[in-house]
Amino acid sequence: MGQSLQGKKIVVTGGSRGIGAAIVKHLSDEGAQVAFTYSSREESAQQVAHSLTGDGHFYIKMDISSENSVNEAVEHILEKWPEIDGVVNNAGITKDQLLIRMKAEDFDSVVNTNLRGTFLVTKAFTKSMMKARKGSIVNIVSIIGETGNAGQANYAASKAGTIAFAKSCALELASRNIRVNNVAPGYIGTEMTEVLSEDVKNKILEKVPMNKIGEGIDIANAVRFLLSDDSKYITGHTLDVNGGMHMN
Ligand code: NAP
């Protein structure tokens, strides 16, 4: 256990399971106080909260596809913590389908949640970060946003959009000492990937030079680096964590 985030207050969206839960746990191990959000599964959020190191952590319901829900939750967090040090935009969904069968509503819902949701959360926290003249924002994007993928046109567009969104925010906020970066996971074992068939999983593994599936902690380590002062001169960057599957 290190102390690289000692005393920092960090917000993580979608911290109730999967990669988000691994990030929340790791940040608490590194000395941060963490406020994390869930959208539907309060029991999972409760379980994560019980597993954390140190105190001062809390969780709150937030649906990132709803502007009202985001603004209410952010207001609540800022009442408790008027100054925050970092935001991790992790919450995200998939609704996979081949283009010719993809319904417009499934395109909208993935882009609304992943891209628009990241915009809403980032915007809602930016004012207080600008006032404090500090902050690090980390978006969890995806290798698919860099390479594209058959059956994931909606998801790929949402993640590629987030990468470009982050670069624009990085440019706007650099003079206020706020950094904006992305972490792009490859194939990580979570509920999002559990639903894939063995056949699909094996086909993916064939494309991973390190020949193994990544773990939540691999993503959490990258996030911790981008939140910490160790990365104080890095902004607008996308850090690939993919076992060599794609190299920029
Ligand atoms: P997951 O296991 O499905 O967890 C998704 C998380 O997002 C949950 O905490 C969920 O909350 C939350 N969430 C879903 N919809 C939401 C909404 N509308 N508002 C707020 N929160 C919402 O997913 P994961 O695999 O950990 O993925 C986390 C992030 O990594 C996503 O952005 C994903 O695109 C990205 N990613 C994952 C992989 C992978 O291989 N797993 C690869 C590349 C990128 P509830 O539990 O309350 O529903």
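Q: Quick one to start: what's the relative accessibility of Y59?
A: Y59 comes out at 23% relative accessibility, so it counts as partly exposed. The cut-offs are under 20% relative accessible area for buried, over 50% for exposed and partly exposed in between, using a 1.4 Å probe and protein chains only.

Q: And what sort of model is this, and how are residues numbered?
A: It's a predicted model, where local features need pLDDT of at least 70, side-chain atom pairs count only at pLDDT 80 or more, and totals for chains, interfaces and linings use all residues. Residues are numbered from 1 along each chain as its sequence is written, and side-chain values use heavy atoms, with hydrogens and water left out.

Q: OK, aromatics. How many aromatic pairs are there?
A: There are four aromatic pairs in the structure. Rings of Phe, Tyr and Trp (its six-membered ring) pair if their centres lie within 6.5 Å; planes under 30 degrees apart are stacked, over 60 edge-to-face and the rest tilted. F36 and Y59 make one of these pairs: the ring centres are 5.6 Å apart and the planes sit at 40°, so it's tilted.

Q: Where do F36 and Y59 sit in the chain?
A: F36 is in strand β2 (residues 33-38) and Y59 is in strand β3 (residues 58-61), so to speak of the pair is to speak of distant parts of the chain, 23 residues apart. Helices (H or I, at least four residues) and strands (E, at least two) are DSSP runs, numbered from the N terminus.

Q: Is F36 buried or exposed?
A: F36 is buried, at 0% relative accessibility. F36 also forms one aromatic cluster with Y38 and Y59.

Q: What about F58 and W81, how are their rings arranged?
A: Those two are edge-to-face, because the planes are at 75°, with the ring centres 5.1 Å apart. This pair links distant parts of the chain too: F58 is in strand β3 and W81 is in the loop between α3 (67-80) and β4 (86-89), 23 residues apart. F58 is buried with a relative accessible area of 11%, and W81 counts as buried at 5%.

Q: Which residue lies over the face of F58?
A: That's K80, at 4.7 Å from the ring centre. A charge sits over a ring if NZ of Lys or CZ of Arg is within 6 Å of the ring centre and within 35 degrees of the ring normal.

Q: Switching to helices. What's the angle between α1 and α9?
A: About 55°, with the axes of α1 (residues 18-29) and α9 (residues 216-227) 8 Å apart. Axes here are lines fitted to C-alpha atoms, for helices over the stretch in contact, and angles run from 0 to 180 degrees between N-to-C directions. That makes α1 oblique to α9. Under 35 degrees would be roughly parallel, over 145 roughly antiparallel, 65 to 115 roughly perpendicular, and the rest is oblique.

Q: Which residues in α1 meet α9?
A: I19, A22, I23, H26 and L27 in α1 do, and the α9 residues they meet include I217, A220, V223 and L227. Contact means heavy atoms within 4.5 Å.

Q: How do α4 and α6 pack?
A: The axes of α4 (residues 104-132) and α6 (residues 153-173) come within 8 Å and cross at roughly 15°. That makes α4 roughly parallel to α6. The contact residues include F107, V110, L115 and F119 in α4, and Y155, A157, G161 and F165 in α6.

Q: And what are the numbers for α3 and α4?
A: About 30°, with the axes 10 Å apart. Among the residues in contact are V70, V74 and I77 of α3, and L120, A124 and F125 of α4.

Q: Last topic, backbone. What is phi of N177?
A: It's near 65°, a positive value in a residue other than glycine. Most residues other than glycine have a negative phi. N177 is in the loop between α6 and β6 (178-185), and it is partly exposed with a relative accessible area of 48%.

Q: And N211, where is that?
A: In the loop between α8 (198-206) and α9. N211 has a positive phi of about 55° although it is not a glycine, and it is exposed, with a relative accessible area of 56%.

Q: Which residues does N242 touch?
A: Not counting residues up to four places away in sequence, N242 touches I143, G186 and V208. N242 is in the segment after β7 (238-241), and it is buried at 9% relative accessible area.
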